[in-house]
Amino acid sequence: MQAPREPLLSLRRITKVFGEGDATVQALRGVDLDVYPGEFVAIMGASGSGKSTAMNILGCLDAPTEGQYLVEGIPVESLPGDVLAALRNDRLGFVFQGFNLLPRTSALDNVELPLVYADVSASERRVRARRALAEVGLAGRERAHPNQLSGGQQQRVAIARALVNAPEVLLADEPTGNLDTRTSAEIMALLVALNRDRGITIVMVTHDTDIAAYAGRLVTFRDGLIVSDQPRAAP
Amino acid sequence: MRLATTTGLAVSALLRSKLRSLLTTLGVVIGVAAVIIMQSMGAGATAMVTGELSGMGSNMLMLMPGATQGMGGASLGAPLFTRDDLAAIGRECPAVRAASVMNVRSVRVVTGDENRSTNLYGVSPSYLEIRQWLTVMGRGLTEEDERQGAKVCVIGETNRIELFGSVDPIGAEIRVHDLACTVVGVLEPKGASTFGQDQDDLVLMPSTTYGRRIMGDDRIGVMMLSAVAEDRIDEAKAQVQSLMRQRRRVLEGEDDDFTVRDMRELIAIMGTITGVLTSLLAGVAAISLVVGGIGIMNIMLVSVTERTREIGIRLAVGARARDILAQFLVEAVVLSLAGGMLGLLLGAVGSYAASRVLDLPFSLPPMAAALAVGVSVVVGVLFGVFPARKAAHLRPIVALRFE
């Protein structure tokens, strides 16, 4: 164990209820989780265990019903919308199962998107987006539209988009869920390299133990609660 | 996000679905074009009326009984003028060149087997000179005719065609309100007035004949006068006014019980009338602009729903609510501004074509053009704000999950 550090992200007694009246579903029932800088955390659990809900709260895409979410000790619910947007823009990067690229928009333009909202000049956007695409191995495909790219390539574009603003945290929700085994392995190798070489903190949701094995820490959800949280030896 | 970036984004989004963008903005195109065409035709009609009235003789004056009333002529009930008044004007108003009776009524005229209704004018011999109107066949009315109360008449082009066709009318006899008259002249055709009235549908006869034989009343309803020169109109007007006040015994401090108008006033009045008509038509056209705006709002709402995922993605990568608001608002404004420009073009072409067909002078008031384009921007903002706000206030996760 290293010396005690401040957690980068912390969930405190988080609950989340969906729906109203008789149809309510309690997705999270009081979750505590600390993520430290430089960690690679895999979150596992069956569908409906609350792992994706926790992920959305970590990404400031959704707000908890009760409890507190702190980023570097600052409670997120106290932040105005524009600050949250800035947080999503330059501190957090997202990778989704369904890639979530803008259709009919080139890979380069997709990767530039976070920079557009960060008020980066057009010429610098171009340079940084090209670099990010090159880092994920897509140099030469800048002009391709998502429908001209394979699933693995689309996920690489999404990773480049997540990285282009040099975030501290990468949040990946089933990043390999739509990919075959070989492509999955390539994507995971990319994530591991980002974590190891650039010190980017990664939180990844998956239901695949082979994928979870790439992470340094495994958190398991069941029925809206964390049932196990253990470190793993790096592969 | 910068405005230039947002605008670029909006333009490329709109170009991605060209047909839909075009159809969406069609309402604004038609609205703006309609406003432009109405304004242009209104301006054309005003120019035409003005031209027509000046063509009637720019140093012409009109004397009517009754106090001046607003836009229209004069109020009823005041005593008519007499032949002595007419003679007095000729004697005592040096700035007046000529004065003519102009009594009008509707009559039936009959020749052989033709029989129609027309306007009968009882006028002095100087009438045609005051109106700057020529005869194309025969002669006008003479002092001789006037003195004798001769049973002669001069007919307008419409009556010549309707009553005589290809037959020479000079010397022929027509019955005007049961009075047999000899046609001595035919007037130069003037065509329809701006308000569609046929100016050639008339018969002129000496005012004495009209007064004694048709009406049995020799008083004078309206007098047409001409000033000796255009720059002496005001002088002529003042002389007539003071003479009439004296002759009609209007007391000091009382209003005139008659009205003297010059052509400039008539032109101004006509301008007001065509102005009101133009505003009315433009108002109707403006409604279609509002309908166009609603069309934009409708499609923008659909577009927001369709692009919910896109909005989710943008929010996830750090778009602020106001970035999304700006994106959709600018899209709506670009759409309606493009519609405004297209409408301006269409309106210009349309009003040119209309001016050709209707034989009106063509003019495109720059104010109307600027207004139409300005209004189309306002329409874009007004009807774009609601869908844009709807988009901006989506919750990121709800937007991302939207199917």
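Reader: How do helix 3 and helix 4 of chain A lie to each other, and at what angle do they cross?
Author: This is a predicted model. In it, the axes of helix 3 (residues 107–117) and helix 4 (residues 122–135) of chain A cross at roughly 120 degrees and come within 9 Å. Angles of 65 to 115 degrees count as roughly perpendicular and those over 145 as roughly antiparallel, so helix 3 and helix 4 of chain A are oblique to each other.

Reader: Which hand is the crossing?
Author: Helix 3 of chain A passes helix 4 of chain A in a right-handed crossing.

Reader: Which residues meet there?
Author: From helix 3 of chain A, they include A:Leu108, A:Val111 and A:Leu115; from helix 4 of chain A, they include A:Arg125, A:Ala129 and A:Leu133. By class, that contact has eight nonpolar, four charged and no polar residues.

Reader: New topic. Is strand 3 of chain A buried or exposed?
Author: Five of the five residues of strand 3 (residues 40–44) of chain A are buried, so the strand is largely enclosed by the rest of the structure. A:Phe40, A:Ala42 and A:Met44 point one way, while A:Val41 and A:Ile43 point the other.

Reader: Why that pattern?
Author: Because side chains in a regular strand alternate between the two faces of the sheet.

Reader: Which residue stands opposite A:Phe40, and in which strand?
Author: A:Ile202, in strand 8 of chain A. Strand 3 and strand 8 (residues 201–205) of chain A pair in the parallel sense over four bridges.

Conventions. Residues are numbered from 1 along each chain as its sequence is written. Chains are lettered from A and ligands numbered from 1 in the order in which they are written. This is a predicted model: local features need pLDDT of at least 70, side-chain atom pairs count only at pLDDT 80 or more; totals for chains, interfaces and linings use all residues. Axes are lines fitted to C-alpha atoms, for helices over the stretch in contact, and angles run from 0 to 180 degrees between N-to-C directions. Helices (H or I, at least four residues) and strands (E, at least two) are DSSP runs, numbered from the N terminus. Angles under 35 degrees count as roughly parallel, over 145 as roughly antiparallel, 65 to 115 as roughly perpendicular and the rest as oblique. A crossing is left-handed if the near helix is turned anticlockwise from the far one by less than a right angle, and right-handed if clockwise. Two residues are in contact if their C-beta atoms, placed from the backbone, lie within 7 Å. Ala, Val, Leu, Ile, Met, Phe, Trp, Tyr, Cys and Pro count as nonpolar, Asp, Glu, Lys and Arg as charged, and the others, Gly among them, as polar. A residue is buried if 20 or more other C-beta atoms lie within 10 Å of its own, exposed if 12 or fewer, and partly exposed in between; C-beta atoms are placed from the backbone. Two strands pair if DSSP finds at least two bridges between them.
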